[in-house]
Amino acid sequence: QVQVVESGGGSVQPGGSLTLACAVSGSRLSIAAMGWYRQAPDGQRELVAGIRMIDLWRKYSDSAEGRFTISRDGAKNAIFLQMNSLSPEDTDVYYCKVEVGVGTTYWGQGTQVTVSS
(Lines give C-alpha, C1' and ligand atoms only; values in the text may rest on other atoms or scores of the structure.)
Protein backbone atom coordinates (compact mmCIF):
# COMPACT_ATOMS: atom_id res chain seq x y z
CA GLN A 1 0.00 0.00 0.00
CA VAL A 2 1.26 3.48 -0.91
CA GLN A 3 0.61 6.54 1.27
CA VAL A 4 1.26 10.04 -0.07
CA VAL A 5 1.57 13.16 2.12
CA GLU A 6 2.37 16.67 0.86
CA SER A 7 3.84 19.55 2.84
CA GLY A 8 5.65 22.85 2.37
CA GLY A 9 2.85 25.04 1.11
CA GLY A 10 2.21 28.49 2.48
CA SER A 11 1.69 32.15 1.66
CA VAL A 12 4.30 34.19 -0.17
CA GLN A 13 4.50 37.50 -1.98
CA PRO A 14 4.85 37.66 -5.76
CA GLY A 15 8.39 36.82 -6.77
CA GLY A 16 8.91 34.63 -3.72
CA SER A 17 9.76 30.96 -3.49
CA LEU A 18 8.46 27.80 -1.88
CA THR A 19 9.61 24.21 -1.77
CA LEU A 20 6.95 21.53 -1.65
CA ALA A 21 7.65 18.03 -0.40
CA CYS A 22 5.86 14.77 -1.05
CA ALA A 23 6.61 11.91 1.34
CA VAL A 24 5.82 8.40 0.19
CA SER A 25 5.43 5.32 2.35
CA GLY A 26 5.12 1.75 1.19
CA SER A 27 7.00 -0.05 -1.53
CA ARG A 28 9.03 2.31 -3.69
CA LEU A 29 10.39 -0.26 -6.10
CA SER A 30 7.10 -0.40 -7.97
CA ILE A 31 6.77 3.36 -8.42
CA ALA A 32 7.05 4.28 -12.08
CA ALA A 33 6.58 8.05 -11.90
CA MET A 34 5.49 10.87 -9.63
CA GLY A 35 4.18 14.31 -10.33
CA TRP A 36 2.80 17.54 -8.97
CA TYR A 37 -0.67 18.60 -10.12
CA ARG A 38 -2.98 21.54 -9.58
CA GLN A 39 -6.74 21.78 -9.86
CA ALA A 40 -8.23 23.29 -13.02
CA PRO A 41 -11.48 25.31 -12.90
CA ASP A 42 -13.41 22.33 -14.26
CA GLY A 43 -12.13 20.17 -11.41
CA GLN A 44 -9.62 18.24 -13.49
CA ARG A 45 -6.08 18.01 -12.20
CA GLU A 46 -3.36 19.36 -14.50
CA LEU A 47 0.29 18.33 -14.49
CA VAL A 48 2.72 20.95 -13.21
CA ALA A 49 5.87 18.83 -13.04
CA GLY A 50 6.57 15.12 -13.32
CA ILE A 51 9.53 12.81 -12.88
CA ARG A 52 10.06 9.31 -14.24
CA MET A 53 11.86 7.04 -11.79
CA ILE A 54 13.78 4.76 -14.11
CA ASP A 55 15.92 7.56 -15.55
CA LEU A 56 14.77 10.67 -13.65
CA TRP A 57 13.44 12.19 -16.86
CA ARG A 58 11.44 15.31 -16.06
CA LYS A 59 8.64 17.22 -17.71
CA TYR A 60 6.99 20.53 -16.90
CA SER A 61 3.96 22.53 -17.87
CA ASP A 62 4.61 25.58 -20.01
CA SER A 63 4.05 27.91 -17.07
CA ALA A 64 6.33 25.90 -14.77
CA GLU A 65 9.20 25.52 -17.23
CA GLY A 66 12.15 27.61 -16.13
CA ARG A 67 10.66 28.50 -12.76
CA PHE A 68 9.96 25.17 -11.04
CA THR A 69 12.23 22.19 -10.50
CA ILE A 70 11.13 18.70 -9.52
CA SER A 71 13.62 16.42 -7.76
CA ARG A 72 13.98 13.28 -5.68
CA ASP A 73 15.89 12.93 -2.40
CA GLY A 74 18.78 10.54 -1.95
CA ALA A 75 16.73 7.99 -0.05
CA LYS A 76 14.15 7.97 -2.84
CA ASN A 77 11.35 8.36 -0.34
CA ALA A 78 10.43 11.97 -1.07
CA ILE A 79 9.85 14.21 -4.05
CA PHE A 80 10.29 17.99 -4.00
CA LEU A 81 9.06 20.87 -6.09
CA GLN A 82 11.18 24.00 -5.92
CA MET A 83 8.96 26.90 -6.94
CA ASN A 84 10.64 30.20 -7.81
CA SER A 85 9.37 33.51 -9.15
CA LEU A 86 5.88 32.77 -7.91
CA SER A 87 2.96 34.81 -9.17
CA PRO A 88 -0.70 35.04 -8.07
CA GLU A 89 -1.61 32.74 -10.96
CA ASP A 90 0.27 29.96 -9.16
CA THR A 91 -2.18 30.07 -6.26
CA ASP A 92 -3.82 26.67 -5.91
CA VAL A 93 -3.78 23.42 -4.01
CA TYR A 94 -0.92 21.26 -5.24
CA TYR A 95 -1.35 17.50 -5.22
CA CYS A 96 1.26 14.78 -5.38
CA LYS A 97 0.51 11.78 -7.59
CA VAL A 98 2.25 8.43 -7.44
CA GLU A 99 1.95 6.09 -10.40
CA VAL A 100 2.48 2.40 -9.74
CA GLY A 101 3.00 0.48 -12.94
CA VAL A 102 0.63 1.68 -15.63
CA GLY A 103 -2.92 1.66 -14.35
CA THR A 104 -2.75 2.41 -10.63
CA THR A 105 -2.26 5.84 -9.07
CA TYR A 106 -2.29 7.27 -5.56
CA TRP A 107 -2.94 10.87 -4.53
CA GLY A 108 -2.07 12.95 -1.52
CA GLN A 109 -4.49 15.36 0.14
CA GLY A 110 -2.75 18.44 -1.25
CA THR A 111 -0.90 21.45 0.12
CA GLN A 112 -2.07 25.04 -0.31
CA VAL A 113 0.07 27.59 -2.15
CA THR A 114 -1.08 31.20 -1.92
CA VAL A 115 0.72 34.03 -3.72
CA SER A 116 -0.53 37.53 -2.96
CA SER A 117 0.61 41.00 -2.01
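Predicted model: local features only at pLDDT ≥ 70, side-chain atom pairs only at ≥ 80, totals over all residues.
Reader: Ok, and how do the side chains of Arg38 and Asp92 meet?

Author: The two side chains form a salt bridge, with a distance of 3.0 Å from N to O. Arg38 belongs to strand S4 while Asp92 belongs to strand S9 (residues 92-100), so this pair ties together parts of the chain that lie 54 residues apart in sequence.

Reader: How many salt bridges does the structure hold?

Author: There are 3 salt bridges in the structure. One of them joins Asp90 to Arg67, where the closest N and O atoms are 2.8 Å apart.

Reader: Is Asp90 buried or exposed?

Author: Asp90 has a relative accessible area of 3%, which falls under the 20% cut-off, and therefore Asp90 counts as buried.

Reader: And which residue forms a salt bridge with Asp55?

Author: That partner is Arg52, and the closest N and O atoms of the two residues are 2.8 Å apart. Asp55 is partly exposed, at a relative accessible area of 43%, and Arg52 is likewise classed as partly exposed, at 35%.

Reader: Staying around there, which residues is Ala32 in contact with, neighbours within four places in sequence aside?

Author: With those neighbours left out, Ala32 is in contact with Arg52, Met53, Glu99 and Gly101. Ala32 is found in strand S4, which covers residues 31-39, and the C-alpha atoms of Ala32 and Arg52 are 6.2 Å apart in space although the two residues are 20 apart in sequence. Ala32 itself is partly exposed, with a relative accessibility of 30%.

Reader: Switching to the sheet, what is the order of the 4 strands?

Author: The order is S1-S3-S8-S7, in an open sheet whose pairing is antiparallel. Strand S1 (3-7) and strand S7 (68-72) stand at the edges, and because each has a single partner strand, one side of each is left without a neighbour in the sheet. From one strand to the next, the twist averages 15°.

Reader: And over how many bridges do S3 and S8 pair?

Author: Strand S3 (residues 18-25) and strand S8 (residues 78-83) pair over 6 bridges in the antiparallel sense.

Terms used
Residues numbered from 1 in each chain as written. Heavy atoms only, no water. Helix = DSSP H or I, 4+ residues; strand = E, 2+ residues; numbered from the N terminus. Buried < 20%, exposed > 50% of the residue type's maximum accessible area, 1.4 Å probe, protein only. Contact = heavy atoms within 4.5 Å. Pairing = 2+ DSSP bridges. Axes fitted to C-alpha atoms, helices over the stretch in contact; angles between N-to-C directions. Salt bridge = Lys/Arg side-chain N within 4 Å of Asp/Glu carboxyl O.
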